There are 2 protein chains.
Amino acid sequence: MLLHVDRDSAIPLHLQVRRSIRDLILRGELNPGQSLPSLRELAAAAGVNKLTMLKAVDGLKRAGWLDTVRGKGIFVSEHLPPDDARFDLDPAGDNHFFEGAPIGPAPEELADGIQETVDSARSPDVVSFGAIFPPSDIVPAGWVRMRQTAILKEMGPAALGYASTTGVERFTAAVRDWLAARGLTLAPDDEILVTGGAQQAIMLALQVLLRPGEQILIESPGYLGVISACRLLGIGMEPVSVDKSGLDADQLETRLKRGEFRLLFCVPDFQNPTGVTMTETRRRRVHELCRRYGVYILEDDPSGDLRFTGKAIPPIKALPDSGHVLYAGSFSKTVAPGLRVGYLVAQREVMVRLRRMKEASDICSPALSQLLLAEMLASGAYARHLRRARREYRRRKAAMLAALARYLPEGSRVTDPKGGMHLWAVLPERIDTMALLKRAREAQILFTPGALFFADRRGNNCLRLNFAANPPDRIEDGIARLGALIRQAERRH
Amino acid sequence: MLLHVDRDSAIPLHLQVRRSIRDLILRGELNPGQSLPSLRELAAAAGVNKLTMLKAVDGLKRAGWLDTVRGKGIFVSEHLPPDDARFDLDPAGDNHFFEGAPIGPAPEELADGIQETVDSARSPDVVSFGAIFPPSDIVPAGWVRMRQTAILKEMGPAALGYASTTGVERFTAAVRDWLAARGLTLAPDDEILVTGGAQQAIMLALQVLLRPGEQILIESPGYLGVISACRLLGIGMEPVSVDKSGLDADQLETRLKRGEFRLLFCVPDFQNPTGVTMTETRRRRVHELCRRYGVYILEDDPSGDLRFTGKAIPPIKALPDSGHVLYAGSFSKTVAPGLRVGYLVAQREVMVRLRRMKEASDICSPALSQLLLAEMLASGAYARHLRRARREYRRRKAAMLAALARYLPEGSRVTDPKGGMHLWAVLPERIDTMALLKRAREAQILFTPGALFFADRRGNNCLRLNFAANPPDRIEDGIARLGALIRQAERRH
């Protein structure tokens with residue numbers, strides 16, 4: 001029996017061993033009821049000491065993978081943890097548990113994936129449904145230019161100095177007011193930290209709340225930025241499925257009972273990548289479960305302001321007793337990513353540590369961007385801008401749904417988001433979207449392959465499509481060409 | 001014998017135990033030649049297993065703190081590591097070694113210290129010699145406004161989108177050219193990563209090259225931003241003294257022989273906080289030593305462009321065979337911190353990991369700032385701006401040196417930097433500058449207390465003074481008032 005451990009890894013040995021044994025069970029190399037070697041022999045096989053092996057075996061027993069029978073030894077459990085296969089956005093319909101170490105796309109795949117979708121989207125010849133940012137006809141570049149010039153004229157060098165690490169007060173006050181108007185009144189001891197987009201908010205929260213080898217719960221499929229950050233920080237991820245109503249709360253409860261988690265990362269509004277909105281019932285239950293199990297929630301809400309259909313549901317952070325909820329917002333998706341401004345809301349107690357980490361990370365975020373957004377929020381220009389963006393995005397989504405209905409192969413499923421800029425498509429299982437992307441790239445079409453959004457190497461037949469980046473006719477044309485490529489791939493198959 | 005370990009700490013147990021035993025020796029609770037309990041008893045005292053204790057004892061033996069005599073046991077070494085007390089910028093003249101865990105100012109002291117100097121410097125009533133950034137009469141705010149407006153007009157939304165994670169190519173190319181003109185021609189496989197100021201360059205390098213519990217070498221006194229980052233990342237720091245010619249290379253060699261280090265952090269030009277320039281001889285020796293011992297150098301050069309006296313010495317990175325040198329630059333000290341743009345130069349091999357970490361940290365740095373600086377560099381506006389800044393800073397330094405000569409108490413020493421914006425003062429030992437700062441703050445004068453620049457709680461009688469922030473008459477007035485406060489403190493003493 002080969003138990004691989006990596007002594008150079010930041011992940012504690014017992015977690016590595018634990019995962020290694022669980023993988024053998026998942027791969028069917030160890031079967032229910034099968035007897036394992038003694039603790040001492042297992043330790044020798046893995047090259048770890050007995051105490052480490054004992055810890056690993058104990059963890060596996062608690063999680064339901066192993067049993068020990070006094071005087072008889074260690075056995076693979078007769079009743080392995082259940083297969084939670086019933087979530088329609090999850091392409092394979094099964095969940096391979098993993099903990100301690102992430103086993104998703106390699107960092108270079110993720111990085112290259114992100115980089116590529118961002119880079120190529122700039123070429124005018126490319127029809128990009130890939131990266132998600134406001135299209136050039138929506139970014140209020142004229143407004144930004146005029147107001148930025150005015151602020152620089154009025155304030156001079158002061159607008160170009162270091163901002164306070166926490167942020168420019170005028171801006172954080174405007175954010176507070178804006179959130180209140182959206183139904184999220186912050187508690188008296190909730191503070192706001194200005195960050196370099198929501199991505200930095202996520203990174204800082206992970207750095208401050210977790211250590212290498214600890215674990216978080218993430219949505220599956222889930223935001224690739226959090227998967228990438230966890231991989232780099234040596235933080236383990238356990239997936240919780242997403243269905244049409246958002247994060248599956250029953251599955252969350254199962255996970256919470258079985259393992260030790262520090263944090264749940266979720267995107268309740270227009271989830272990334274599915275575009276699904278978490279229902280109010282789910283939000284309440286997720287909030288309550290995490291509170292009961294002592295787990296932080298990192299609620300990422302980069303595009304909640306972009307709802308174009310139906311009634312808004314307040315963020316989880318707006319529920320009573322939300323001290324365990326950290327809330328991340330951004331202006332990258334709503335105004336322009338180049339401002340590099342987002343924010344993180346957290347209780348004072350956690351904020352002390354977040355502020356220190358921010359300071360050591362890059363001292364502060366640009367003051368000028370904050371002054372500009374403060375004015376945009378307070379003057380009503382932001383609200384006006386949003387109305388225009390929402391109207392346009394709704395129109396583009398409709399165009400994309402119509403095109404997808406025409407050009408995707410039978411058996412495909414797509415989501416119908418109530419806001420944001422992207423939707424999720426599940427193609428027939430035989431289609432490999434990573435391979436499809438190569439051909440699409442040659443044909444000057446881009447999308448983001450589904451596999452990037454799973455920490456456990458699934459989602460090969462899925463893709464995320466940005467419906468907001470192009471006007472309707474270009475959407476129709478691009479999807480038609482993409483549909484043709486898919487049909488070609490099917491024939492080749 | 002009490003050996004304290006913290007099982008929740010990110011620092012490996014054996015390093016915690018090692019530090020704990022060394023601290024007992026340093027505090028005189030264990031004396032040279034004294035016999036220690038057995039390995040098993042030591043392990044029990046610390047609550048760790050024997051293997052961990054063996055690792056700790058081995059480390060202490062290698063470093064010269066303990067001896068073991070076969071059949072007799074473990075003894076405190078008769079010849080403890082030497083006291084390297086001979087460096088005139090080091091206020092106490094001794095070096096307490098520490099490793100595994102930093103024991104400098106607590107993170108909150110550091111954070112509050114940095115924050116306070118930045119915040120208060122904005123009040124017009126305060127004479128600030130504290131934080132270091134270009135003064136408002138030097139920041140080219142008019143130029144920035146005009147050119148920023150022009151770029152936004154010309155490029156529109158494209159200037160407000162995501163930049164490539166590596167940076168805007170036009171900008172990194174301009175940096176490459178500028179560095180070449182300064183005598184630093186990058187190697188073919190050296191790449192440039194744009195960062196949120198030099199601070200982010202430092203943070204990324206530490207995250208990518210080190211794990212919690214590993215150690216770096218830092219200058220003593222040294223840059224508080226690196227001390228703060230190391231504390232937060234659980235990285236140990238070992239100080240190497242700075243004298244009038246820069247980092248002490250003999251001491252560096254002693255350290256390199258004794259311990260295992262991954263990286264040396266240093267600021268060869270206008271060192272922070274002393275303002276000292278490392279001589280060419282020292283640079284060569286530091287480069288050579290680190291190469292021989294397989295240690296990376298992180299060369300931080302935020303203000304090398306601000307030399308106003310004497311001939312420039314090329315960066316360490318400019319020496320042949322500098323693959324082990326990472327070079328960090330910034331435009332925060334030279335143009336304006338609000339641009340939030342610095343950069344990191346590293347070999348391609350390391351850059352792959354740096355780029356991923358940057359992407360997970362905050363995706364990219366602002367494109368508009370990069371476009372602006374690209375133009376400033378290429379058009380000659382940057383060179384013109386520097387000429388003006390240098391002329392002014394030289395004048396202000398002269399004013400401050402004159403004022404310090406008049407108003408500091410006998411026995412004080414100050415450095416005479418050849419560039420940059422700050423100098424270092426060592427006051428008579430009885431003066432506690434942390435206490436002095438409280439009274440100075442009431443009197444509306446700010447400086448940065450020396451203790452913030454030592455990882456090992458020394459430097460109480462030192463302070464860093466920014467000489468560039470104020471015109472000469474205001475400098476004279478501020479230093480006169482500071483001098484009066486020091487005399488008061490001395491009388492009280």
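**Reading burial, backbone and packing**

Modeller: Let us begin with burial: B:Phe270 is buried, with a relative accessible area of 1%. Buried means under 20% relative accessible area, exposed over 50%, and partly exposed in between, with a 1.4 Å probe and protein chains only. Please note that this is a predicted model, in which local features need pLDDT of at least 70 and side-chain atom pairs count only at pLDDT 80 or more, while totals for chains, interfaces and linings use all residues. Residues are numbered from 1 along each chain as its sequence is written, chains are lettered from A and ligands numbered from 1 in the order in which they are written, and side-chain values use heavy atoms, with hydrogens and water left out.

Biologist: Where is B:Phe270 found, and what is its phi?

Modeller: B:Phe270 is found in the loop between β9 and α10 of chain B. Such labels refer to DSSP runs numbered from the N terminus: helices are H or I with at least four residues, and strands are E with at least two. Although B:Phe270 is not a glycine, its phi is positive, at about 55°. In chain A, A:Ile363 is likewise no glycine and has a positive phi of about 70°. A:Ile363 lies in the loop between α11 (348–362) and α12, and its relative accessible area of 14% makes it buried.

Biologist: Which residues does a cis peptide bond join in chain B?

Modeller: One such bond joins B:Ser220 and B:Pro221, with omega about 0°. B:Pro221 is placed in the loop between β6 (215–220) and α8 (224–233) of chain B. Another joins B:Asn272 and B:Pro273, where omega is about 15°. B:Pro273 belongs to the loop between β9 (263–266) and α10.

Biologist: At what angle do the axes of α5 and α12 of chain A cross?

Modeller: Axes are lines fitted to C-alpha atoms, for helices over the stretch in contact, and angles run from 0 to 180 degrees between N-to-C directions. Here α5 (residues 141–155) and α12 (residues 367–379) of chain A come within 10 Å and cross at roughly 115°. That makes α5(A) roughly perpendicular to α12(A); angles under 35 degrees count as roughly parallel, over 145 as roughly antiparallel, 65 to 115 as roughly perpendicular and the rest as oblique.

Biologist: Is the crossing of α5(A) and α12(A) left-handed or right-handed?

Modeller: A crossing is left-handed if the near helix is turned anticlockwise from the far one by less than a right angle, and right-handed if clockwise. This crossing is right-handed. Residues making the contact (heavy atoms within 4.5 Å) include A:Trp143, A:Arg147 and A:Ile151 of α5(A), and A:Leu368, A:Leu372 and A:Glu375 of α12(A). By class, the contact has nine nonpolar, two polar and two charged residues. Ala, Val, Leu, Ile, Met, Phe, Trp, Tyr, Cys and Pro count as nonpolar, Asp, Glu, Lys and Arg as charged, and the others, Gly among them, as polar.

Biologist: How do the axes of α7(A) and α11(A) cross?

Modeller: The axes of α7 (residues 197–209) and α11 of chain A come within 9 Å and cross at roughly 115°. This crossing too is right-handed. Among the residues that meet are A:Leu204 and A:Val208 in α7(A), and A:Leu354 and A:Met357 in α11(A). Seven residues of this contact are nonpolar, three polar and three charged.

Biologist: With which residues of chain A is B:Gln199 in contact?

Modeller: Leaving aside neighbours within four places in sequence, B:Gln199 touches A:Glu359, A:Ala360, A:Ser361, A:Asp362 and A:Ile363, and in its own chain B:Tyr223, B:Gly225 and B:Ala229. B:Gln199 sits in helix α7 (residues 197–209) of chain B and, at 5% relative accessibility, counts as buried.
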